[in-house]
Amino acid sequence: MRPERLFRAADAPPFAATPRTDVRLAEILLYDVNDSPFCLKVRICLNVKGVPFRRVALTVGRLRELRRINPLGKVPVLVQDELVIPDSSRIIRHLEADHRDPVLIPPGREARAYASLLEEWADEALYFIVGAFKWLNPANRDAAIANTVNEMSGILLRPAVGRVLAWRIARRYAAWGYGPGALEHFRERMRENLATLSTLLDGKEYLLGRVPTVADVAVFAQLAWMRRYAERDLLDDAPVVREWLDAFAALPPVAAALAS
Ligand SMILES: N[C@@H](CCC(=O)N[C@@H](CS)C(=O)NCC(=O)O)C(=O)O
C-alpha cells in the first residue's frame, strides 16, 4: 500500500504537502475569476497539494480564448500541455490522480461517496442560493460588480461590463422564476442548509472527521463567497459553521488561495 497521508501525524499541520521533486511536469495554467467559488475551490486544492500554477485572470479580452478551450464559457479551466480540463470537480480528480499526497478524496468507498455528495450539494444547492444573494439583492449590487468586474476589464469599460453581467445573471434567475422578491425565500433555504451543516460538523474538526477533504473545500468555497455579501449575517445563528469557516480560512494553503 502507498504511504498516503490519510491521517496527519500529531506534529504535522493539516494539508502539509510534500514538495514534488521527482517529476517534471509542464506548467499548469488556471483560467480563473477571483470572485468565483469554483475557482477558489481549485486554487485551494492546488495549494494544498503544493502544485505550482499560473493564474490566467479572465478578462473581457480573453472571453473568446476561454470559449475556444471551454465552449461553455465557464471558469475554472486547467490547462497543462495539450490537456484542457474544465469543471472544478474534474480538475480536482485529475490533481488527485497526479498528486496523491495529501489525499483530498478519501479512498474508502463510503467516505468517498459521502464526500462527493457533500461536494455536489455545495456546488449546486449552496452555489444557487449564494448566487441569488449576490445578484438579486440590491444591497450587494456594488460589491458584486466590483468583485467580479474589476479584474475583468479596464476602468473605462467597467460600468458597461458590470451592467451587462448583472442583467444577464438576473435574467437567468428570472427564467427560473426568481427575482429580488425571492430573497427571503433564499435566506430561509440558507438557514436550513446552515442548520444541516451545523449538525454534520457538531463535535468534528472537519466534515468527515479529523482530516480535511474535498467536501470541506467545496462547502468552504461557497460560504467564503457568501461572506463577501450582506447575507454573511446568517452565519451569526450558526456558530459551529462560523468557527469551522474561520479555522479553515486560517490554514496556510487556504489563506493563500483566498488572497490570490
Ligand atoms: N460546475 C462548474 C461550474 C463553473 C461555473 O459555473 N463557473 C461560473 C463562475 S462562478 C462561470 O464561469 N459562469 C459563467 C457563465 O455561466 O457564463 C465547476 O464546478 O467548475
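Q: Where does Pro-86 lie?
A: Pro-86 lies in strand S4, residues 83-86. Strands are DSSP runs of E, at least two residues long, and helices are runs of H or I, at least four, both numbered from the N terminus. This is a predicted model: local features need pLDDT of at least 70, side-chain atom pairs count only at pLDDT 80 or more, and totals for chains, interfaces and linings use all residues. Residues are numbered from 1 along each chain as its sequence is written.

Q: Is Pro-86 buried or exposed?
A: A residue is buried if 20 or more other C-beta atoms lie within 10 Å of its own, exposed if 12 or fewer, and partly exposed in between, with C-beta atoms placed from the backbone. Pro-86 has 20 such atoms within 10 Å, so Pro-86 is buried.

Q: Which residues is Pro-86 in contact with, leaving aside neighbours within four places in sequence?
A: Contact means that C-beta atoms, placed from the backbone, lie within 7 Å. Pro-86 is in contact with Asn-70, Leu-72, Lys-74 and Val-77, leaving aside those neighbours.

Q: At what angle do helix H8 and helix H9 pack?
A: Axes are lines fitted to C-alpha atoms, for helices over the stretch in contact, and angles run from 0 to 180 degrees between N-to-C directions. H8 (residues 214-226) and H9 (residues 239-250) pack at about 105°, with axes 11 Å apart.

Q: Which residues meet there?
A: Asp-216, Phe-220, Leu-223 and Ala-224 in H8 meet Leu-245, Phe-248 and Ala-249 in H9.

Notes
Contact = placed C-beta atoms within 7 Å.
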